[in-house]
Amino acid sequence: MRKKAPVLAALLAASLLSTTRGEKIVLNTVDTPTGQTMLRGYFTMGYAAFDGGGMEARAAIALSDYFLLGLSEVVDNAI
């Protein structure tokens, strides 16, 4: 657990720091991606934990007002 604590702390801090300037941007609705994008320079990070110790980490950055690059990884029995 000690090795995973810094990773979980970093994900939590990143998700708290990835704010927008007052706008509510909904990129996923019930685990389904939407067609909405972010403004250039915005980024978001997040994670989700599942029953049985599974975990999903995700990140996205807007390279322009119309292009969003994202990454997501799911790991079973992570915790």
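Predicted model: local features only at pLDDT ≥ 70, side-chain atom pairs only at ≥ 80, totals over all residues.
**View 1. Strands β4 and β5 pair in the antiparallel sense.** The chain passes from β4 to β5 by way of a hairpin of five residues.

**View 2. Strand β3 pairs with strand β4.** Strand β3, which spans residues 43–49, runs antiparallel to β4, and seven bridges join the two strands. Within this pairing, Met45 stands opposite Ala59, a residue of β4.

**View 3. Three strands make up an open sheet.** The strands follow the order β3-β4-β5, and their pairing is antiparallel. Because β3 and β5 stand at the edges and each has a single partner strand, one side of each is left without a neighbour in the sheet. From one strand to the next, the twist averages 10°.

**View 4. A nonpolar patch lies on the surface.** The patch is formed by Phe43, Met45, Ile61, Leu63, Phe67 and Leu69, which together have about 530 Å² of accessible area. Phe43, one of these residues, belongs to strand β3, and Met45, another member of the patch, is the residue that stands opposite Ala59 in β4. Phe43 has a relative accessible area of 36%, so this residue counts as partly exposed, a class that lies between buried, under 20%, and exposed, over 50%.

Terms used
Residues numbered from 1 in each chain as written. Heavy atoms only, no water. Pairing = 2+ DSSP bridges. Helix = DSSP H or I, 4+ residues; strand = E, 2+ residues; numbered from the N terminus. Patch = residues over 30% accessible without salt bridge, like charges linked within 9 Å, V, L, I, M, F, W, Y side chains within 5 Å. Areas by Shrake-Rupley, 256 points an atom, 1.4 Å probe, with all protein chains shown as cover. Salt bridge = Lys/Arg side-chain N within 4 Å of Asp/Glu carboxyl O. Buried < 20%, exposed > 50% of the residue type's maximum accessible area, 1.4 Å probe, protein only. Axes fitted to C-alpha atoms, helices over the stretch in contact; angles between N-to-C directions.
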